[in-house]
Each structure stands twice: as structure tokens, then as C-alpha cells.
Amino acid sequence: FSSDKSDPVRFDSDLWFIESQGEKRVLIPVSDHHFGRWRSLEFEDRKWAYVQGLVGFDTRGFSGQEFQPQIYNLLHNRSSGAFLRTLFEVDLNDLSTVDQLVLRCRINDGFIAYLNGIEIVRFNVPEETHWNSIALSDIRGTAWRFREFDVSKVISQLKSGTNVLAIHAVNSMLNGPSFLIDYELVGRRELIGAVPLKEVSDGADLNDSNSVREAMGQVLGAGH
């Protein structure tokens, strides 16, 4: 892991459906027994592990963070990834003010995200995935940094009341020295002078000054 824990700017107008320190239900798959069904809102996950905050391990200590030893014991050399579920509530009155829906992830190394059972975005994973799939590449060097994904196209899939974000997080190897998944789901309102998220490539490292400068250049260039 990179030890850089910098974080993109948060706007006061953001509407946080899921925050990174929230509750997550976690299952380390060792077969395809649950594959597919676990993504739906109706799936019963009470027997899954309960984790507060980020999920992962770091055997080399580069992150400087405490991780759950049970995740290491369950995953290392036994599985290449984890299934995660987070329930969250939506008030349609609040939702009517949202212009963009953003999934923010810290990831080592890839993931597929589902909203109420529907795939909304994938990153650094094969086109065809299974319970034991591995990521396309090792990105542990930038794992701690949030990457942002514009998932505004699925705003209509949000329901009044309880919803579920399900994530299949995968490592780049079965016996890797580290694993991390952390995520937030944010509704953003239009702000004068803010860089539109659509101008930033999905999955860009927003702590990378080159990515931000490129996005700013696109926005400024559009006005001439």
C-alpha cells in the first residue's frame, strides 16, 4: 500500500448514502454456492461477518493501519476475493436534489459493484467473472487513495426506503500480501465552479495532480 492517506475534497452539499466507516456484511467465498443471489436486496446476510469500516489486511505494514485479522485468516491462500453488502436508506425528497451519483472506492485490486442486484460499475476485473476471479493487475501502490466512479445512470434504480450496495472485491493473486476494499456512495448537487465529475475519467486517481489538471483543462477548454 501507499501510505498517502490524502482524500479528495468533500462538498458541504454532498448527500452521503454510505460512508466508509459504516457497517458492512462480509463473506469470503470458497465456492459458487451464493454466486448471483447475494447481490439482491432480499438476500439474507445475517450469518455473514460484521465489519465496521474498511475491509482488508496488510502483512507488510506499509499502510500503517490496523486491519481485521479474521479477514486475513479467511482469505489468504483460500480465496481471491470477498463479497460485501451494505444496506442504506433513501428519502426520495432528498434524491430529487441530486445531480450525480458517485461511488468512491479504495481498492486493492479490483471490484464489481451492484445496486439492488444490478451491476453499475466494474474496475480492473475480467469481462467474465466468477467467485474465484482475480484482478487484471496489482494496484496496491495506489490502493489507499479514493477512486471515483460516476454511476449517475442508475439513480433511477434507487428505491424509497431500504436499498443495498453489493460489491465483489478481488485481489490480483490468491496469496497476495495485502487486500483492501472501502467504499462510499455519494449524491452530489451541482456547484458553480466545481469540476464536473463527468469530465474526469471513471476510476481516475483524484489525488493524482495530473488527473486533476487534465480534468480542469477539459473544463476550461470547453468554455472557449
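Colleague: Which ring does the charged end of Arg104 sit over?
Modeller: The charged end of Arg104 sits over the ring of Phe146, 4.1 Å from its centre, where "over a ring" asks that NZ of Lys or CZ of Arg be within 6 Å of the ring centre and within 35 degrees of the ring normal. This is a predicted model, in which local features need pLDDT of at least 70 and side-chain atom pairs count only at pLDDT 80 or more, while totals for chains, interfaces and linings use all residues. Residues are numbered from 1 along each chain as its sequence is written, and side-chain values use heavy atoms, with hydrogens and water left out.

Colleague: And what does Lys24 lie over?
Modeller: Lys24 lies over the face of Tyr183, at 4.9 Å from the ring centre.

Colleague: Switching topic, where is Asn171, and is Asn171 buried or exposed?
Modeller: Asn171 lies in the loop between strand E10 (161-170) and strand E11 (178-188), strands being DSSP runs of E with at least two residues, numbered from the N terminus. Asn171 is buried at a relative accessible area of 2%, buried meaning under 20% with a 1.4 Å probe and protein chains only.

Colleague: What does Asn171 touch?
Modeller: Leaving aside residues up to four places away in sequence, Asn171 touches several residues, including Ser80, Asn108, Ile134 and Phe179, with contact meaning heavy atoms within 4.5 Å.

Colleague: How much of the whole protein is buried?
Modeller: Buried residues make up 50% of the 224 residues.

How values were computed: Helices (H or I, at least four residues) and strands (E, at least two) are DSSP runs, numbered from the N terminus.
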